[in-house]
Amino acid sequence: MAEAKTKPTELKPKEFIGKIENDTRREDALALLELFKKITGWKATMWGPTIVGFGAYHYSYDSGRTGSVCATGFSPRKANLVIYAGSGPRTAALLKKLGKHKGGIDQCLYINKLADVDLSILENVIRVGLDQTKKTWLVTGN
């Protein structure tokens, strides 16, 4: 079986964020870095070249595929901010109040810029998703 490409690296999240060319995307990434730290209480780790992750969980599927991935996190891509947060029973209701976004139910949440969303609702979306991930998998902090 192929080795997972998305795994922890030695790259420092602030160094990665500091190299983002778009000023808005860089500032939003710094704000997300602080928001995720506040929510999780964990330090950030780079997963692969572009994902700022917090915590981790190990998965094992019936197919035999296993691996580890960050419990929650984000990626400041050129096209949008991608939020990696599981979903829970309250996610759909929260997303209706979030503001301009795509996805978010059992998939990644895509946001163009933080100014497009209600940050207190986004915080709740991330908390609910992390809580659900903790119910489903054994999550470890860092």
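This briefing describes salt bridges in the structure above. The model is predicted. Five salt bridges are counted in total. Three of them are set out below: Lys-37 with Glu-34, Lys-38 with Glu-123, and Glu-123 with Arg-127.

**Pair within helix α2**
- Lys-37 and Glu-34 form a salt bridge whose closest N and O atoms are 3.5 Å apart.
- Both residues belong to helix α2 (residues 23-40), where a separation of three residues corresponds to about one turn of the helix.
- Lys-37 is partly exposed, its relative accessible area being 32%, and Glu-34 is likewise partly exposed, at 41% relative accessibility.

- Lys-38 is bridged to Glu-123, with 3.2 Å between the closest N and O atoms.
- Lys-38 is classed as exposed because its relative accessibility, 54%, is over 50%.
- Glu-123 has a relative accessibility of 13% and therefore counts as buried, the limit being under 20%.

- Glu-123 and Arg-127 are four residues apart in helix α4, about one turn of the helix.
- Arg-127 is partly exposed, with a relative accessibility of 30%.
- Through salt bridges that share partners, Lys-38, Glu-123 and Arg-127 are joined into one network.

Conventions
Residues are numbered from 1 along each chain as its sequence is written. This is a predicted model: local features need pLDDT of at least 70, side-chain atom pairs count only at pLDDT 80 or more; totals for chains, interfaces and linings use all residues. Side-chain values use heavy atoms; hydrogens and water are left out. A salt bridge is a side-chain nitrogen of Lys or Arg within 4 Å of a carboxyl oxygen of Asp or Glu. Helices (H or I, at least four residues) and strands (E, at least two) are DSSP runs, numbered from the N terminus. Buried means under 20% relative accessible area, exposed over 50%, partly exposed in between (1.4 Å probe, protein chains only).
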